[in-house]
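Welcome, and take a moment to get your bearings. Let us walk through this structure together, one part at a time.

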Amino acid sequence: MDYLSSNKILIVDLETGQISEDDLDDELVGRKIGGVGITSSLYQTHKDKEPIVLGTGLLTGTMFPASALGVVSAKSPRTGNLAHAPFTLKAGMELKYTGFDYVVILGRSPKPVFLWLHDGVADIQDASDLWGADVWATTDSIRRAMGDDLIQTLAIGPAGESGSDLAQVCINYWASGDCWGFGKLFGEKNLKAVALRGMGLLEISEPEDFVDQCFDVFDKIKGGAFAGRRGIEDILSEMGEKDASEWLAPFIHRHSACYNTPYSTNTFVYLNEDSKTLTEPVEPEPGFLINDPCALLAFKRAGFSAQNACRVLKACSKYGIDPAAVAELCEKSGQKDTEKIEQSFSDLKGPVAIPDGGKFSSWSPAQPLFSDFGVSDRSAYLAWWTRRQAVAYLFGIHPIFVNMSPELSEELMIEMFNKGTGLELSQESLDTVIDDVCS
Amino acid sequence: MRIDVDALKCIGCMACEMACGYHRDDAFALLSSCIVVYRAREKKDYFGVVIKEEESLTIARPEGLEIKRIGVAEEPDPAGQKKEADASAKPMLLREPCDLCNGMKYGPMCVKICPVDAISLVEEGE
């Protein structure tokens, strides 16, 4: 694969320590496109060794709007089936530039390790000192040890180490779209984290046409339906919580976006500092980045104050536990004491609702946002959402943003794929792959 | 003319950085960009933008703009904190200065791509 790709599939056997590489064949891309099309295929190939497969789409890390997606595919401890969790912020982009398009992690390491992927090199590093650390300390330690504060991590905390079905693989310090218990799989493999840093370069088959088209789409999106909206609070408002902005407002510091994503899906709240502070705060951990709208919504609907909801979200990400599941269990138990909730993490168990939609994460709200996409009947939302997510997970597009931008049509993504790679993907082939990954 | 950044509008998406990288390399890469989102103080949510220009570094911080002349010795930071030296793996001073995307039909690509209009082209001295 010459374009929009590093042309490498990495295979890491944690049990033996062996690392090997395969080429990413045009033939495989022609059949499976990329993203979850290929992670699913690699999962099936290595199924007997309980694989965790990381991957990106061919548009990930490009100038195409919202090309922020990386994906983890594995058998969910919560469903027993193959499922896919998105990772965004800057981590999807960073994986793309490490020099590996896909990473297949097999077996169980005899001791705690982390996988360090950088500049086309893969190292299995000892993580004995990190075992027992929370997610924040883990990311801090890895960045300090490698001397690079821009390393992105997919890391677990105590929840993953102790085998909780609710354990989440977190991104750096924050939540992720892992609602499948993949943190438990990391723990079972003695895999504390995957650390990502890349300075690669992606060639483009028709660069000028590709970039022209990116600018055209950006121009259309800028005047789109979400113009003037921002942050996670406006997403909650769109989901029916009309007072979400007012509720969260006293704590909002700034809004930020995932890589190349035109809408700021993330809201940072200051809990230990004046939220209006503009200068760099002295307090090293003044707050929390909220990037999971469904979890925040669940805490709000369970009657939490904004401050307490944010405190629990922060505690969840340190412990490495799915905040949406914690919110659901809190609502059932009626528990609202933040300290007691935090103390209960080690014993927290289901039953927790299995996400709708089969294989894609319920982290992305199952409804159109800011635009109706022509889907006015709520009963049709799930089918619409499932297909929309499949497309996002195949090409590498942000799974929440894809629900708010009808400009990012399937036809456009096919066109960009073809301009970027020089291959010829058709709508018929896309339909076949979507059916395949959704079945 | 020069590039101006309103750091408070910036959402840290890095679209500008990738567009600049494309201008330099005719491919997608970040190492050659002369505009960089500094984002190393992630837990503090303290981020902004640095631009390498011919004779200066423009640092757009949330609290305001600072222009540092290249070659002038820096005063030590009394708080002992790192500032923008941690912006990226390749030091800003080793990068090519901004040429306003000279030769590109789009004009300055960072201005064109910014989704929140945080970046603009202004007259020198503005």
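Two strands pair if DSSP finds at least two bridges between them, and both helices (H or I, at least four residues) and strands (E, at least two) are DSSP runs, numbered from the N terminus. Residues are numbered from 1 along each chain as its sequence is written, while chains are lettered from A and ligands numbered from 1 in the order in which they are written. Please keep in mind that this is a predicted model, in which local features need pLDDT of at least 70, side-chain atom pairs count only at pLDDT 80 or more, and totals for chains, interfaces and linings use all residues.

Strand β4 (residues 56-61) and strand β5 (residues 64-69) of chain B run antiparallel and are joined by 6 bridges. With 2 residues between them, β4(B) and β5(B) form a hairpin. Here B:I59 stands opposite B:E66 in β5(B). As for confidence, pLDDT is the predictor's confidence in each residue, from 0 to 100; chain B has a mean pLDDT of 88, with 85% of its residues at 70 or more. For the complex, the predictor gives an ipTM of 0.96 and a pTM of 0.96.

Now turn to where the chains meet. Two residues are in contact if their C-beta atoms, placed from the backbone, lie within 7 Å. On that basis, 39 residues of chain A are in contact with 31 residues of chain B. On the chain A side, α7, β12 (252-256) and β14 (287-290) each supply at least two residues, and α7(A) gives the largest share, 5 residues.

Helix α7 (residues 207-222) of chain A also has a helix beside it. Its axis and that of helix α15 (residues 410-421) of chain A come within 9 Å and cross at roughly 155 degrees; axes are lines fitted to C-alpha atoms, for helices over the stretch in contact, and angles run from 0 to 180 degrees between N-to-C directions. α7(A) and α15(A) are therefore roughly antiparallel to each other (angles over 145 degrees count as such). Among the residues making the contact are A:F210 of α7(A) and A:M416 of α15(A).

Finally, look at β12 and β14 in their own setting. Chain A has an open sheet of 3 strands in the order β12-β13-β14, with antiparallel pairing. β12 and β14 of chain A stand at the edges with a single partner strand each, so one side of each is left without a neighbour in the sheet. Between β12(A) and strand β13 (residues 266-270) of chain A there are 4 bridges, and A:H255 has A:T267 as its bridge partner in β13(A).

How values were computed: Angles under 35 degrees count as roughly parallel, over 145 as roughly antiparallel, 65 to 115 as roughly perpendicular and the rest as oblique.
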